[in-house]
Amino acid sequence: MPSMRIDRITLREIRLALKEPFRISSGVVQERRIMLLELHDASGATTWSECVAGELPNYSSETIDTAWLAISQWVAPRVIGREIAHPGELHEVLERDFREHRMAKAGVEMGCWGLAATLAGQPLARFIGGTRTQIAAGISLGIQASPAALIEKAGAALAEGYRKVKIKIEPGKDVEWLRAARAALGSDAHLMADANNAYTLDDTDRLAALDELDLMMIEQPLAHDDLVRHAALQRSLRTPICLDETITSLDRAQDMIALKSGRIINIKAGRVGGFAQSLAIHDLCESQGIPVWCGGMLESGIGRAYNVALASLPNFTLPGDVSPSARYWARDVVNPEWTMKNGMVTVPLDVPGIGVEVDTAMIESITVRREVLA
Ligand SMILES: [Mg+2]
């Protein structure tokens, strides 16, 4: 690829309307606050990217507001004006004496991968070494009002073609609910559970009761940064543990493998600081026989483009959280919107770069904050 030099990054916050409002503890959310970035190369080429940090620090310590500060104060100054021979070199540049803020770093770092693919005249998926032409899609279902409601939602998702149904669980809404789902949906249904840190080792017997249900995996049952207790739990379970929140870097993935804290990794590029670490974790897992899949962070169609490219790598052997645009958004910010056919999302391979056309007029109309960094 030709080297690049970014001379400007435009940050925007948009408010993207959700198809169905969802209830969280603090009220009903009608729209998602999303940070989009537009990177401008000195050659005139531009690329869009997305920072996945949410509104509240309830997944990691980052939020859209901390990420905005981190990008404008510390990330962008290290990248703007720099002669970049390859985007793979940026991870080190961004880690030097600069702790955490991985989602902020990833927003810029991934944009540089997208820009590099554009400049190289290659689809992003191929630029990073992806081999798939289609990605198997999974759906993630929030905690439902009753086992009957869960069965209905999960059954509808399977009928729609989804290759994996991920069911959020918490103590009291777990074994009986999943048992009912398994009984209703049959032994062939690809089901998994995601506990989002809701359990402790005191719940080992309850979690071991899930073994009979033949789940693909249980995701992150224990604390968000734990490895040692997950190793103890995995020794008591037949069901594979998949780690999400804990795996923040290649080092943590190596720790998971060494300690046997889990047998599967959910890779989210934003959580690990971008594509360079995602690729390194992918390669490590491939060499160690650890399957990976691509998680979702309620991205717009721009963030989804990066997820689809990442999930085209060979060791992404399990269906990812890559739902079509219409699952979440009244209208997405890309043309065409992401769609699914027979549970598969097509990797865009016809055009260089991230593979979707960005609807700039729509984005302009829902932008509530903007800052140009140069
Ligand atoms: Mg998760």
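Predicted model: local features only at pLDDT ≥ 70, side-chain atom pairs only at ≥ 80, totals over all residues.
Student: What makes Asp194, Glu219 and Asp244 the protein donors of the magnesium ion?

Tutor: Distance. Donors are N, O and S atoms within 2.8 Å of the metal (3.2 Å for Na, K and Ca). Asp194 (OD), Glu219 (OE) and Asp244 (OD) lie 2.3 to 2.6 Å from the magnesium ion, so they count as donors. Water is not among the atoms, so a site may look incomplete.

Student: What spacing do the donors follow along the chain?

Tutor: The pattern is D-x24-E-x24-D. Asp194 sits in strand E7 (residues 191-194) and Glu219 in strand E8 (residues 218-219), and the two are 25 residues apart. Strands (E, at least two residues) and helices (H or I, at least four) are DSSP runs, numbered from the N terminus.

Student: Why is Glu219 called buried?

Tutor: Buried means under 20% relative accessible area, exposed means over 50%, and partly exposed is in between (1.4 Å probe, protein chains only). Glu219 has 0% relative accessibility, so Glu219 is buried. Asp194 is at 1%, so Asp194 is buried too.

Student: How do you know that Lys168 and Asp194 form a salt bridge?

Tutor: A salt bridge is a side-chain nitrogen of Lys or Arg within 4 Å of a carboxyl oxygen of Asp or Glu. The N to O distance for Lys168 and Asp194 is 3.0 Å, so the pair passes. Lys168 lies in strand E6 (residues 164-168) and Asp194 in strand E7, so the pair ties together parts 26 residues apart in sequence. Lys168 has a relative accessible area of 23%, so Lys168 is partly exposed.

Student: How many salt bridges does the structure hold?

Tutor: There are 23. One of them joins Arg179 and Glu176 at 3.0 Å, N to O. These two are three residues apart in helix H6 (residues 175-185), which means about one helical turn separates them. Arg179 is partly exposed because its relative accessibility is 32%.

Student: What else does Lys105 touch?

Tutor: Contact means heavy atoms within 4.5 Å. Leaving aside neighbours within four places in sequence, the contacts of Lys105 include Val75, Phe98 and Gly273. A polar atom of the Lys105 side chain also lies 3.3 Å from the backbone oxygen of Leu94.

Student: Why is Glu31 called partly exposed?

Tutor: Glu31 is at 35% relative accessibility, so Glu31 counts as partly exposed. Glu31 belongs to strand E2 (residues 27-41) and touches Arg15, Leu16, Ala17 and Leu18, not counting residues up to four places away in sequence. A network of salt bridges links Glu31 with Glu13, Arg15, Arg33, Glu55, Asp65 and Arg369.

Student: What are the domains, and where do the bounds come from?

Tutor: Domain 1 is 6-121 + 357-373, and domain 2 is 127-346. The bounds come from an automatic or database domain assignment. Their C-alpha centres lie 24 Å apart. The contact takes 37 residues from domain 1 and 33 residues from domain 2.

Student: What area do domain 1 and domain 2 bury between them?

Tutor: About 3000 Å², with 66% of it on carbon and sulfur atoms. Buried area is the accessible area (1.4 Å probe) that two parts lose on being put together, summed over both.

Student: How many salt bridges are counted between domain 1 and domain 2?

Tutor: The count is one. Separately, Asp359 forms a salt bridge with Arg331, with the closest N and O atoms 2.7 Å apart. On the side of domain 1 that touches domain 2, H3 supplies the largest share, 12 residues.

Key
Residues numbered from 1 in each chain as written. Heavy atoms only, no water. Polar contact = N/O pair within 3.5 Å; in protein donor to acceptor, adjacent residues only side chain to side chain.
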